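This report describes one protein structure for a reader who has not seen it before. The structure is shown first, and the notes follow by topic.

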Amino acid sequence: MVLERPGELVIRDQDMPVCGDGEMLVKVRACNICRTDLKCATMGQRDLVYPRVLGHEIAGEIIARGKNVNGYPVGQRVSIHPGISCGVCDYCKSGQDNLCDQIKIMGFNFDGGFQEVIKIDKQAIKSKIVNLIRNDDLAYEEISFIEPLACCVNIQDRLQLNRKAALVIIGGGRLGLLNLFVAKAEGIQNVILIEANEERRNRGKALGFDAVFSGDEPDLLDQLKQCSNGHGVDGVIPCCPGPEAFDLALEILRKQGTLGYFSGLSRNEDFQLDINRIHYKEITVVGSYGCSVKHSQKAKTLLESRKIDVRPLISHRVKLEELERGMDYIRNSDGYSTIVVMK
Ligand SMILES: [Zn+2]
Ligand SMILES: [Zn+2]
């Protein structure tokens with residue numbers, strides 16, 4: 001499924017890639033659709049070169065292996081980490097390969113998961129982008145959550161909250177729930193959801209949030225204080241695209257609290273952010289961008305051990321040729337995830 005230019009997704013036949021020495025072929029079995037894919041498909045993105053196959057949340061199966069590729073058996077189920085880094089710069093050497101200046105990202109700089117077969121070359125194998133899945137009970141749909149889960153592991157690593165902390169997540173969609181699961185796997189006692197939609201609040205409560213709010217409560221700050229043992233909110237992760245969530249985060253954080261900023265905000269020229277609150281309240285803002293190989297491996301382990309169960313988040317499955325319909329589900333925030341599934 002090729003993006004010829006923003007707004008134009010077309011299905012094309014391609015020759016089967018040839019598996020050379022030191023290379024592998026992976027058959028894509030599931031690729032989760034991300035809001036970034038929707039944004040790229042409709043508006044383009046600064047790093048995109050056309051024509052391009054989007055998709056960076058990939059689960060698949062090794063179907064061919066060239067000479068000198070060891071430890072990757074044919075038939076093995078894998079998840080693909082989407083970034084190929086240089087391996088030699090300071091960031092790469094310290095395990096922060098997502099920050100590598102030379103990084104090439106699948107679905108942006110080269111073709112991604114909305115196609116049937118992906119060739120993994122020598123540099124990609126060296127970068128350890130192919131993660132072997134050790135739990136045979138995990139379905140490909142579940143494996144396709146490893147990438148977004150790894151992005152949540154990254155932002156929570158950056159937040160450095162202790163177990164007694166109160167963490168507020170704004171937005172109860174896919175990433176809000178994945179952040180909940182990571183926080184609970186880390187043992188954080190108090191994870192609170194702010195979400196305008198009632199159905200999502202109820203779902204969030206059922207899936208493990210300790211308290212849920214709509215955000216409209218006149219005494220919201222008092223209530224948040226009450227459910228955090230009187231000391232206030234230590235960390236906030238906005239998991240929705242509107243800049244209003246960033247503003248709300250600065251409002252509800254306690255003094256010296258930390259705001260985790262991990263997915264870009266949509267532009268709103270009219271919106272005025274009162275940034276002085278960072279100064280008055282001594283707030284720390286930490287950013288994170290994507291995930292490193294190390295974060296992907298941690299996310300994989302959390303799924304393999306079933307410490308995290310993403311099955312309640314699987315709501316829509318589409319075929320490759322139905323990608324546009326899948327994108328519509330994301331656009332309309334319909335369900336908690338939409339996954340392209342291939343036989
Ligand atoms: Zn994504
Ligand atoms: Zn590097």
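## Terms and basis

Two strands pair if DSSP finds at least two bridges between them. Helices (H or I, at least four residues) and strands (E, at least two) are DSSP runs, numbered from the N terminus.

The model is predicted: local features need pLDDT of at least 70, side-chain atom pairs count only at pLDDT 80 or more, and totals for chains, interfaces and linings use all residues. Residues are numbered from 1 along each chain as its sequence is written, chains are lettered from A and ligands numbered from 1 in the order in which they are written, and side-chain values use heavy atoms, with hydrogens and water left out.

## Annotated domain

An unreviewed UniProt entry places the feature "domain: Enoyl reductase (ER)" at residues 7-341. UniProt positions are given in the numbering used here, feature names are shortened, and annotations may be inferred rather than shown by experiment. The span 7-341 is 30% helix and 22% strand, and its end C-alpha atoms lie 22 Å apart.

## Strand 3 and its partners

Met-24 stands opposite Ile-120 in strand 8. Strand 3 (24-32) and strand 8 (residues 117-120) run antiparallel and are joined by 4 bridges. Strand 3 is also joined to strand 4 (residues 58-65), again antiparallel, by 7 bridges; here Lys-27 has Glu-61 as its bridge partner. With strand 17 (residues 338-341), strand 3 pairs in the antiparallel sense over 3 bridges, and Cys-31 has Val-340 as its bridge partner.

Met-16 is in the loop between strand 2 (8-10) and strand 3. Met-16 and Val-2 are 14 residues apart in sequence, and their C-alpha atoms are 15 Å apart.

## The two zinc ions

Donors are N, O and S atoms within 2.8 Å of the metal (3.2 Å for Na, K and Ca); water is not among the atoms, so sites may look incomplete. The zinc ion (ligand 1) is coordinated by Cys-34 (SG), His-56 (NE2) and Glu-57 (OE), at 2.1 to 2.4 Å. Along the chain these donors follow the spacing C-x21-H-E. His-56 counts as buried because its relative accessibility is 7%, and Glu-57 is buried with a relative accessible area of 1%.

The zinc ion (ligand 2) is coordinated by Cys-86 (SG), Cys-89 (SG), Cys-92 (SG) and Cys-100 (SG), at 2.3 to 2.4 Å. The spacing of these donors is C-x2-C-x2-C-x7-C. The 4 donor atoms subtend angles of 105 to 118°, so the arrangement is tetrahedral; four donors count as tetrahedral if all angles lie between 85 and 135 degrees. Both Cys-92 and Cys-100 are buried.

## A buried histidine

His-81 lies in the loop between strand 5 (77-80) and strand 6 (83-84). Its relative accessible area is 2%, so His-81 is buried. Beyond its neighbours within four places in sequence, His-81 is in contact with Asp-97, Ile-129, Cys-291, Ser-292, Val-293 and Ser-296.

An open sheet is formed by 6 strands in the order 12-11-10-13-14-15, with parallel pairing. Strand 12 (211-213) and strand 15 (284-287) are the edge strands, each pairing on one side only.

Strand 13 (residues 233-238) and strand 14 (residues 253-261) pair in the parallel sense over 3 bridges. Gly-235 stands opposite Thr-258 in strand 14. Thr-258 counts as buried because its relative accessibility is 12%. Leaving out residues up to four places away in sequence, Thr-258 touches Leu-159, Asp-234, Gly-235, Val-236, Leu-253, Thr-284 and Val-286.

## Backbone exceptions

Most residues other than glycine have a negative phi, and most peptide bonds are trans. The peptide bond from Tyr-50 to Pro-51 is cis, with omega near -5°; Pro-51 is in the loop between helix 1 (35-43) and strand 4.

Gln-256, in strand 14, has a positive phi near 65°. Glu-282 also has a positive phi, of about 50°, and is in the loop between helix 10 (276-280) and strand 15. At 49% relative accessibility, Glu-282 counts as partly exposed.

Key
Four donors count as tetrahedral if all angles lie between 85 and 135 degrees; four count as square planar and six as octahedral if opposite donors are over 155 degrees apart and all others between 65 and 115; anything else is irregular. Buried means under 20% relative accessible area, exposed over 50%, partly exposed in between (1.4 Å probe, protein chains only). Contact means heavy atoms within 4.5 Å.
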